[in-house]
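Hi everyone, thanks for coming.

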Amino acid sequence: MANNSLAYNEVRTLRQDLWWVEPMLVVLGLGSFIVYTTWAALQGAYYYAAPYLSPFYSPCIATNCAHVSLPIIGPWWSLSPAILILWIPAGFRATCYYYRKAYYRSFFGLPPGCGVRDITRNYWGETRFPLILQNIHRYFFWLAAIVLALLWWDAILAFRFPNGFGIGIGTVVLLANAALLSLYSLSCHSCRHLCGGYLDSFAKAPARYGTWKVVSRLNEHHMLYAWISLIWVGLTDLYVRLLAMGIITDLRII
Ligand code: FES
């Protein structure tokens, strides 16, 4: 029984374990990634080291790009070309069901952990503006799928060196990046729903049921893929950046 002299909202938690470690790590991890990505995206430089294109700038759709993927935006665009494209993966991650849980808990304390009281009292779930906009995630899934296809194309181009076919460390880095982002996207809750989650009867759609089962297995590890792909995409940009700056050289395997 709670002590009557102690107001309920003063009892923040009775938990004795280190419940605050996880939200603290999320703040550090996500916060560092956001700061680095913003800095790298606004640079507008050192994002291409032939044949490697940083994933933060792919597809490069402005003619002011160091390596134009699709010349959609004319020379009137003078800002960093990353701004034109990065809102898609950023929107996909920001509205991701896993990240929502992670940053609601860690950044806003809603609640910081199971059995821990909310920091603020005015959380209404996702039933009102602006959080109701999180439902846009299913559409970001399609946009992110297009970007992902182009990242695979970049990984293929990473085999094409000025002197012909080759494999460098950067080739492996870009391939791993596309593969990890694929795992993250395929394990998405929206993807699972699209594959068959919305069906009333699996018996009438065996192919969809098979796909749904595979995606469901991936979905169990969505948090893991979210973090690994997040870290790797940042490291991929860093690798290309250091190459473009001349700080490191790419090791050719073949
Ligand atoms: S739920 Fe995480 S990417 Fe869709």
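Predicted model: local features only at pLDDT ≥ 70, side-chain atom pairs only at ≥ 80, totals over all residues.

First, the ground rules. Residues are numbered from 1 along each chain as its sequence is written.

pLDDT, by the way, is the predictor's confidence in each residue, from 0 to 100. The protein chain has a mean pLDDT of 92, and 96% of its residues reach 70 or more. Residues 1-8 are another story: pLDDT stays under 50 there, and the model has three contacts for them beyond four places in sequence. By a contact I mean two residues whose C-beta atoms, placed from the backbone, lie within 7 Å.

Okay, the overall picture. There are nine helices and four strands in the protein chain. Those are DSSP runs numbered from the N terminus, with helices being H or I of at least four residues and strands E of at least two. Going along the sequence, you read α-β-β-α-α-α-α-β-β-α-α-α-α. The C-alpha trace spans about 80 × 50 × 40 Å along its principal axes.

How much of the chain is buried? Of the 254 residues, 28% are buried. The cut-offs: a residue is buried if 20 or more other C-beta atoms lie within 10 Å of its own, exposed if 12 or fewer, and partly exposed in between, with C-beta atoms placed from the backbone. As for contacts between residues at least 6 apart in sequence, 65% join residues at least 24 apart.

Now the helices, starting with helix 1, residues 21-43. Helix 1 has 23 residues and reaches 33 Å from first C-alpha to last, close to the 33 Å expected at 1.5 Å a residue. That expected span is 1.5 Å times one less than the number of residues. Its buried residues are Pro23, Ala40 and Ala41, and the cover over them includes helix 2 (82-85), helix 4 and helix 9 (222-244).

How do helix 1 and helix 4 (residues 97-106) cross? Their axes come within 9 Å and cross at roughly 110°. The axes are lines fitted to C-alpha atoms, for helices over the stretch in contact, and angles run from 0 to 180 degrees between N-to-C directions. So helix 1 and helix 4 are roughly perpendicular to each other; that label takes 65 to 115 degrees, with under 35 roughly parallel, over 145 roughly antiparallel and the rest oblique. Where they meet, you'll find Pro23, Val26, Val27 and Leu30 from helix 1 against Ala102, Tyr103, Arg105 and Ser106 from helix 4.

Next, helix 5, residues 137-157, has 21 residues. Which of them are buried? They are His137, Phe140, Ala144, Leu148, Leu151, Asp154 and Ala155. Looking down the axis of helix 5, these fall within an arc of 105°, so they line one face. The arc is that of the directions from the helix axis to the C-beta atoms. Turned away from that buried side are the exposed Trp142, Ile146 and Ala149. Covering the buried residues of helix 5 are, among others, strand 2 (52-53), helix 3 (87-94), helix 6 (169-186) and helix 7 (189-197).

Helix 6 has 18 residues and reaches 26 Å. Its buried residues include Gly170, Val173, Leu174 and Leu181. The buried residues of helix 6 fall within an arc of 165°, so they too line one face of the helix. Their cover includes strand 2, helix 5, helix 7 and helix 9.

Finally, the loops. Glycine 168 sits in the one between strand 4 (164-165) and helix 6. Why does glycine 168 count as buried? Because it has 21 C-beta neighbours inside 10 Å. Leaving aside neighbours within four places in sequence, glycine 168 is in contact with Asp250, Leu251, Arg252 and Ile253.

Between helix 4 and helix 5, look for proline 111 and proline 130. The peptide bond from leucine 110 to proline 111 is cis, with omega near -20°, and the bond from phenylalanine 129 to proline 130 is cis, with omega near 10°.

Last one: tyrosine 46, in the loop between helix 1 and strand 1 (48-49). Its phi is near 60°, a positive value in a residue other than glycine. Tyrosine 46 is partly exposed, with 19 other C-beta atoms within 10 Å.
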